[in-house]
Amino acid sequence: TGLQWGYGEDNGPSEWHIDFPIAQGSRQSPINIVTSDAVYDPDLLPLSICYDSCTTLSIFNDGHSVIVEFDDVDSKTVIQSGPLQVPYRLKQCHFHWGGKNTHGSEHTVNGKSYASELHLVHWNAVKYKTFAEAAVAPDGLAVIGIFIETGDDHPGLHQLTDAFYMVKFKGSKAVFPGFNPKSLLPKSLHYWTYPGSLTTPPLYENVIWIVLKEPIKISQKQMHRFRLLLFSNEDEDRLPMIDNFRPPQPLKGRKVRASFC
Ligand SMILES: NS(=O)(=O)c1ccc2c(c1)[C@H]1CCC[C@H]1[C@@H](c1ccccc1Cl)N2
Ligand SMILES: [Zn+2]
């Protein structure tokens, strides 16, 4: 079987195009957001994030990131308005981070990387019956990206970082009730938006990206908990899960719109 994709020397982002030629496509993510090139669009409505009644199901380590899954049997947890034509239902959230605080985010702003980036993944449940169907459909997904930098302790993140010991190894999964990602949102919902892709294989070009301008802050201790996670399972040599981010990809003529001026 082919070498599983990852973030190492011989299976990392520069090799992905071999098994996933779309890696060199025309709307790949992430990108570097050049703020002076972002066009303020007064027709962009404020983003509406309705996470009040959100049901968390599980937390798991898929060998690429740590993923929190939500119950998406109905549209009780959705985002709408903003750049979206219909409501998109929250399915999961996960993170990308570095081995040091100087890098780790996927999107960059004027060349600046953040220590980490949270992705809140939503799917078009109006047009598609299941997440899996939406995950491969052209207008199937909308992902909110939130930059994370180190600073004060983030009270909303403790429940998550305290659960990481249960999912240290690749393939480990645990029941994870009562977490609401609403607590991870910054004060401002000002955002940039552009048409892009999944940032890991299969790199499908079916994502409406909504990147919030305001980063959230987490403590060095909380950041360190991410770096205790492993890419490897119990039987393999220990590989710390760090630097699980794809670098910025060519814009190829795409326009980045700003919801603010
Ligand atoms: N860093 S990200 O947010 O751009 C990203 C990257 C890859 C994947 C995901 C999210 C998740 C969420 C959408 C699809 C799902 C997964 C996938 C792809 C195809 C089919 C099934 C599944 Cl579960 N792959
Ligand atoms: Zn992601």
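This is a predicted model: local features need pLDDT of at least 70, side-chain atom pairs count only at pLDDT 80 or more; totals for chains, interfaces and linings use all residues.
Ala, Val, Leu, Ile, Met, Phe, Trp, Tyr, Cys and Pro count here as nonpolar, Asp, Glu, Lys and Arg as charged, and the others, Gly among them, as polar.

The largest pocket has a volume of about 540 Å³. Of the 27 residues in its lining, Gln92, His94, Val121, Leu198 and Thr200 are the closest to the centre. Several elements give two or more residues to this lining: strands S5 (66-70), S7, S9, S10 (141-150) and S13 (207-212), together with helix H2 (131-135). Which element gives the most to the lining of the largest pocket? That is S7, with 4 residues. Sorted by class, the lining of the largest pocket holds 15 nonpolar, 9 polar and 3 charged residues.

The second largest pocket holds about 370 Å³ of space. Its lining is made of 18 residues, and those closest to its centre are Gly6, Asn11, Gly63, Phe231 and Leu239. By class, the lining of the second largest pocket has 6 nonpolar, 7 polar and 5 charged residues.

## Residues to visit in the fold

The place of Thr161 is in helix H3 (residues 158-161). Thr161 counts as buried because its relative accessibility is 2%. Leaving out residues up to four places away in sequence, Thr161 touches Gln222, Arg225 and Phe226.

Helix H4 (residues 220-226) is where you will find Met223. With a relative accessible area of 0%, Met223 is buried. Beyond its neighbours within four places in sequence, Met223 is in contact with Trp97, Asn101, Ala115, Ser116, Thr150 and Ile218. Between Met223 and Ser65 there are 158 residues in sequence and 14 Å in space, C-alpha to C-alpha.

Val78 belongs to strand S6 (residues 78-81). A relative accessibility of 7% makes Val78 count as buried. Which residues does Val78 touch, not counting residues up to four places away in sequence? They are Ser48, Ile49, Cys50, Tyr51, Pro87, Tyr88 and Arg89. Of these, take Ile49: Val78 and Ile49 are 29 residues apart in sequence, and 6.3 Å separates them in space, C-alpha to C-alpha.

## Backbone details in the loops

| Site | Backbone feature | Value |
|---|---|---|
| Ser29 to Pro30 | cis peptide bond | omega near 0° |
| Pro201 to Pro202 | cis peptide bond | omega near 15° |
| Asn110 | positive phi, not a glycine | phi near 50° |
| Lys252 | positive phi, not a glycine | phi about 50° |

Where do these sites lie? Pro30 is in the loop between helix H1 (16-19) and strand S1 (32-33). Pro202 is found in the loop between strand S12 (191-196) and S13. Asn110 lies in the loop between strand S8 (108-109) and S9, and Lys252 in the loop between H4 and strand S15 (257-258).

Asn110 counts as partly exposed because its relative accessibility is 48%. Lys252 counts as partly exposed too, at 47% relative accessibility.

Conventions: Residues are numbered from 1 along each chain as its sequence is written. Chains are lettered from A and ligands numbered from 1 in the order in which they are written. Side-chain values use heavy atoms; hydrogens and water are left out. Buried means under 20% relative accessible area, exposed over 50%, partly exposed in between (1.4 Å probe, protein chains only). Contact means heavy atoms within 4.5 Å. On a 1 Å grid over the protein atoms alone, a cavity is a set of points where a 1.4 Å probe fits but cannot get out, and a pocket is an open set with protein on both sides within 12 Å along at least five of seven lines; lining residues have an atom within 4 Å of a point. Grid points are joined across faces, edges and corners, and a volume is the space filled by probe spheres set on the points.
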